[in-house]
Amino acid sequence: MVQTYRQLRLDLGAALAGFLDHAEAHAESLRWFEEGLGLSRSWMAAHGGDLVPDEVRLQVSDWVRRRRTGEPWAYILGWCLFRERRFRVSPATLIPRPETELLVEAALDVGRRLRVDRCVDVGTGSGIIAASLALETDWQVSATDLSAGALAVARQNAAELGARLAFFEGNLLDAIPDPLGLVVANLPYVDPADEPGLQRELAFEPASALFAPDRGLALSTQLLERARARQAPACLLEIGADQGGELCRRALGAGWRKAMVHQDLAGHDRILVALGIPVLPGDP
Ligand SMILES: C[S@@+](CC[C@H](N)C(=O)[O-])C[C@H]1O[C@@H](n2cnc3c(N)ncnc32)[C@H](O)[C@@H]1O
């Protein structure tokens with residue numbers, strides 16, 4: 001079938017609107033052109049009337065077929081942007097979420113105030129947190145995960161981005177030598193009881209990257225306890241929307257001097273900061 005790029009984009013928007021809401025379908029069709037086909041809006045303005053080669057048309061219909069099953073666009077594409085850097089993702093890794101940028105911002109702030117010289121990213125997945133911190137500071141950064149598949153992707157991302165990281169495979173902090181430095185983690189925190197109501201896209205992500213026992217709190221609690229026992233100066237966690245109060249209590253129970261929660265732009269609990277030593281001179 002003879003088709004121009006402009007027509008292809010209209011047809012793509014209509015195909016996506018068959019299973020996404022209208023705004024999402026429009027936004028995704030633009031992303032597919034830019035990220036998937038590498039065709040910018042200015043290219044489209046100049047060449048929208050050009051004819052689409054068969055291989056491009058077939059490629060797009062294969063993407064639509066996969067996307068219709070619920071497969072996330074980032075897995076189809078094989079990469080995702082985080083802090084304006086391109087990170088590979090695979091079905092062994094979680095797809096980076098924009099809210100995790102808040103965790104990186106908080107870690108940069110707390111780490112600089114505490115003048116740390118090292119940190120560890122626990123549950124590194126594709127390596128977004130560890131690589132961002134390594135590229136934006138002069139800290140020695142370690143990255144650890146239980147999943148060998150995720151670590152392979154994180155290693156590749158670090159190599160491609162020029163981030164110097166030390167990698168360790170293991171449970172929580174088990175494989176990390178002392179001293180730990182700042183502990184940063186986006187561990188699984190979804191309550192398994194919530195699984196039936198979740199978006200179908202999440203079924204494509206590894207369950208071991210999403211769910212934790214004890215209403216989603218088990219791994220965050222264990223990490224707070226272990227990081228405190230090993231005298232980390234601070235532990236920063238990405239947390240679930242309603243987990244702040246309970247995790248603050250658990251952090252103080254584990255012996256942290258202070259625990260506070262930062263909320264995201266939607267007003268949900270998102271980052272827990274547990275401090276073992278004062279951040280500012282004179283802090284209580
Ligand atoms: C929510 S994903 C976060 C991935 C990445 N840090 C990010 O923010 O996109 C959680 C990661 O923790 C890892 N994980 C789960 N349980 C773990 C454990 N007990 N010890 C270490 N890593 C674990 C998973 O394999 C997964 O890669």
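Visitor: Let's start with proline 179. Where is its place in the chain?

Guide: In this predicted model, proline 179 belongs to the loop that runs between strand S5 (165-169) and strand S6 (182-185).

Visitor: And what kind of peptide bond leads from aspartate 178 to proline 179?

Guide: A cis one, with omega near -5°.

Visitor: How about asparagine 171, which part of it faces a nitrogen atom of the ligand?

Guide: There it's the side chain: one of its polar atoms lies 2.7 Å from a ligand nitrogen. As for cover, the ligand on its own has 600 Å² of accessible area, and the protein covers 96% of that.

Visitor: How many residues surround the ligand, and which are the closest?

Guide: There are 19 of them, and the closest are Gly123, Asp145, Asn171, Leu172 and Ala209.

Visitor: Let's stay with alanine 209. Why is it called partly exposed?

Guide: Its relative accessible area is 24%. Buried would need under 20% and exposed over 50%, so alanine 209 falls in between. You'll find alanine 209 in the loop between S6 and H9.

Visitor: What does alanine 209 contact, leaving aside its neighbours within four places in sequence?

Guide: Leu94 and Pro188. If you look at isoleucine 95, that residue is 114 residues from alanine 209 along the chain, and their C-alpha atoms are 9.8 Å apart.

Visitor: What joins the side chains of glutamate 205 and arginine 97?

Guide: A polar contact of 2.7 Å. Not counting residues up to four places away in sequence, glutamate 205 touches Tyr75, Leu94, Ile95, Arg97 and Leu210.

Visitor: On to serine 220. Why does it count as buried?

Guide: Its relative accessibility is 1%, which is under the 20% limit. Serine 220 is part of helix H9. Beyond its neighbours within four places in sequence, serine 220 is in contact with Leu237 and Leu247.

Visitor: Why does leucine 10 count as exposed?

Guide: The cut-off is over 50%, and leucine 10 comes in at 57%, so exposed is the label. Leucine 10 is a helix residue, in H1 (residues 5-16). From leucine 10 to isoleucine 76 you count 66 residues in sequence, and the C-alpha to C-alpha distance is 20 Å.

Visitor: What is said about phi at glutamate 84?

Guide: Glutamate 84 isn't a glycine, yet its phi is positive, about 65°. The residue is in the loop between strand S1 (79-82) and strand S2 (85-88). At 79% relative accessibility, glutamate 84 is over the 50% mark, so it counts as exposed.

Visitor: And glutamine 231, where is it found?

Guide: In the loop between helix H9 (218-229) and strand S7 (234-238). Glutamine 231 has a positive phi too, about 60°, although it is not a glycine. Its 68% relative accessibility is over 50%, so glutamine 231 is labelled exposed.

Visitor: Stepping back, how many helices and strands does the protein have?

Guide: 10 helices and 9 strands. Buried residues are 49% of the 284 residues, and the C-alpha trace spans about 70 × 40 × 35 Å along its principal axes.

Visitor: What about charges, how many side chains are positive and how many negative?

Guide: 30 positive and 38 negative, with the centres of the two sets 3 Å apart.

Note on methods:
Residues are numbered from 1 along each chain as its sequence is written. This is a predicted model: local features need pLDDT of at least 70, side-chain atom pairs count only at pLDDT 80 or more; totals for chains, interfaces and linings use all residues. Side-chain values use heavy atoms; hydrogens and water are left out. Helices (H or I, at least four residues) and strands (E, at least two) are DSSP runs, numbered from the N terminus. Buried means under 20% relative accessible area, exposed over 50%, partly exposed in between (1.4 Å probe, protein chains only). Lys and Arg count as positive and Asp and Glu as negative; His and the chain ends are not counted. The place of a charge is taken as NZ of Lys, CZ of Arg, CG of Asp or CD of Glu. A residue is near a molecule or strand if one of its heavy atoms lies within 4 Å of it. A polar contact is a pair of N or O atoms within 3.5 Å; within protein, one must be able to donate a hydrogen and the other to accept it, and residues adjacent in sequence count only if both atoms are side-chain atoms. Accessible areas come from the Shrake-Rupley method with a 1.4 Å probe; for residues, only the protein chains shown count as cover. Contact means heavy atoms within 4.5 Å.
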